[in-house]
Amino acid sequence: MSAKNMFLKPGFVRAPLQNGVGRYVCQLQRIVFKFCKSSGGSRGMRDYIEQDLVDFAKVNPGVVVYLKPRRHRSPVVVAEYLNGDRLWMSCHNKTHEEITKWIEVCRTQQGNNEDIRLRKYQYTDYPSVQGPWTPFTFKDPELNNTVLPNTKFGVNNRLPISATEQLRLMFEKQKLYEGDEIKTAE
Amino acid sequence: MALIRAGLQRLASVFNAGPAGVLSRYITNLSPIENKSVSESTKDVIAECNSLIEKNASRNFAIVHLLGKQWRVTDGDLLVLEGFWPPNIGDKIKLDKVLLAGTKDFSLIGRPVVQPGLVDVTATVISKGLSHTRTHFKKKRRKQYMRINFQRAQQTILRINSVEIASKINEAPNNVQ
């Protein structure tokens with residue numbers, strides 16, 4: 001991990017309440033829209049509330065939607081999740097489309113991911129099925145009974161022939177042929 | 001004649017001279033122990049694997065290709081996929097690019113992918129959100145150059161529901177007519 005994000009709290013991937021094992025439960029539980037009825041900063045928020053909010057509430061019956069008008073304060077969305085996370089998001093001067101997209105992100109994620117840096121991108125309860133690898137996996141079980149050093153298991157069959165060995169072979173061959181010559185001379 | 005014999009013996013000694021001999025390089029330690037014919041033993045192995053699958057003897061795992069990465073998955077795993085990916089929350093999907101599947105006792109290795117219909121990996125999309133804010137900070141000393149960018153990647157969390165192997169190893173695949 002780089003030191004770039006070290007000031008964030010590190011964490012691991014988790015899903016609350018074994019979500020998705022049996023059935024899937026939407027993790028967004030409550031969403032509060034705070035806005036002003038007159039200021040320009042809330043314009044996009046007001047558009048969203050007028051046009052899309054009722055549909056949003058109909059499509060997501062599991063989400064409680066609150067509207068909180070307040071005078072001369074900038075618009076804010078607060079989302080609360082099943083795992084207790086609370087996501088506060090300023091929507092000042094955001095357009096209708098931007099707010100639609102951010103609300104969709106709030107709806108689909110399972111908590112507030114902002115303040116946790118994931119250390120691993122996978123979580124498993126069973127890290128190994130066939131057993132972890134050791135230097136002795138896939139080795140000949142005969143190794144267990146032999147007394148080492150052993151010529152059979154100590155065989156150097158992994159490396160190419162060394163130059164010394166090649167020279168020795170050539171020398172032995174030469175000697176053999178010399179013998180042949182002597183023989184023919186006989 | 002004596003000379004020939006001596007020469008031959010010397011040659012033989014070159015080939016068989018203990019651990020450093022030449023022949024030792026070409027003789028492997030592993031030799032078939034059983035005297036059964038190859039095809040017969042393969043049939044035995046396949047039958048054994050099929051029976052193991054039917055008995056549901058142990059947990060299955062699979063290596064799945066997803067978004068350019070390879071993931072080792074078993075039942076109940078959580079995966080975090082980064083980048084744009086169309087499936088939405090609550091969707092149940094089947095992961096088809098299975099590169100390898102295995103249980104405790106055997107592995108099925110795809111070339112490159114295990115035949116379709118043999119291994120069934122199902123998953124549910126749990127969450128689609130954004131990662132934490134990543135800071136991209138660049139600076140060159142004494143060059144009046146500094147850039148700072150912030151970005152958040154799209155993250156999809158997947159729950160693996162099941163990894164199942166059909167007990168029909170060595171049967172013809174469905175996609176071949």
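Mentor: Bear in mind that this is a predicted model. Start with two strands of chain A: S2 (residues 28-35) and S4 (residues 76-81) pair over six bridges, in the antiparallel sense.
Trainee: Which residue is the bridge partner of A:Ile31 in S4(A)?
Mentor: A:Ala79.
Trainee: And what holds paired strands together in general?
Mentor: Backbone hydrogen bonds, with the strands either parallel or antiparallel.
Trainee: What's the strand order of the open sheet in chain A?
Mentor: S3-S2-S4-S5, four strands with mixed pairing. Strands S3 (64-69) and S5 (86-90) of chain A are at the edges. Each has a single partner strand, so one side of each lacks a neighbour in the sheet.
Trainee: How many degrees does the twist average from one strand to the next?
Mentor: 15 degrees.
Trainee: OK, helices. Which residues of H1 in chain A are buried?
Mentor: H1 of chain A covers residues 43-51, and its buried residues are A:Gly44, A:Met45, A:Arg46, A:Tyr48 and A:Ile49.
Trainee: What covers the buried residues of H1(A)?
Mentor: The cover includes strands S2 and S3 of chain A, along with helices H2 (53-59) and H3 (96-108) of chain A.
Trainee: Take H3(A), then. At what angle do the axes of H1(A) and H3(A) cross?
Mentor: Roughly 65 degrees, and the axes come within 8 Å. Angles of 65 to 115 degrees count as roughly perpendicular, so H1(A) is roughly perpendicular to H3(A).
Trainee: Left-handed or right-handed crossing?
Mentor: H1(A) passes H3(A) in a right-handed crossing.
Trainee: Which residues make the contact?
Mentor: From H1(A), A:Gly44, A:Met45, A:Asp47 and A:Tyr48. From H3(A), A:His96, A:Glu98, A:Ile99 and A:Thr100.
Trainee: How do the residues of that contact divide into nonpolar, polar and charged?
Mentor: For H1(A) with H3(A), three are nonpolar, three polar and two charged.
Trainee: Switching to chain B. What's the order of strands in its open sheet?
Mentor: S2-S1-S5-S6, four strands with antiparallel pairing.
Trainee: Which are the edge strands there?
Mentor: S2 (69-73) and S6 (107-109) of chain B, each pairing on one side only. The twist from one strand to the next averages 15 degrees.
Trainee: How many bridges join S1 to S5 in chain B?
Mentor: Four, between S1 (residues 61-66) and S5 (residues 98-102) of chain B, and the two run antiparallel.
Trainee: What stands opposite B:Phe61 in S5(B)?
Mentor: B:Gly102.

Technical notes: Residues numbered from 1 in each chain as written. Chains lettered and ligands numbered in written order. Predicted model: local features only at pLDDT ≥ 70, side-chain atom pairs only at ≥ 80, totals over all residues. Pairing = 2+ DSSP bridges. Axes fitted to C-alpha atoms, helices over the stretch in contact; angles between N-to-C directions. Buried ≥ 20, exposed ≤ 12 C-beta atoms within 10 Å, placed from the backbone. Contact = placed C-beta atoms within 7 Å. Parallel < 35°, antiparallel > 145°, perpendicular 65-115°, else oblique. Left-handed = near helix turned anticlockwise from the far one by under 90°. Nonpolar A, V, L, I, M, F, W, Y, C, P; charged D, E, K, R; others polar.
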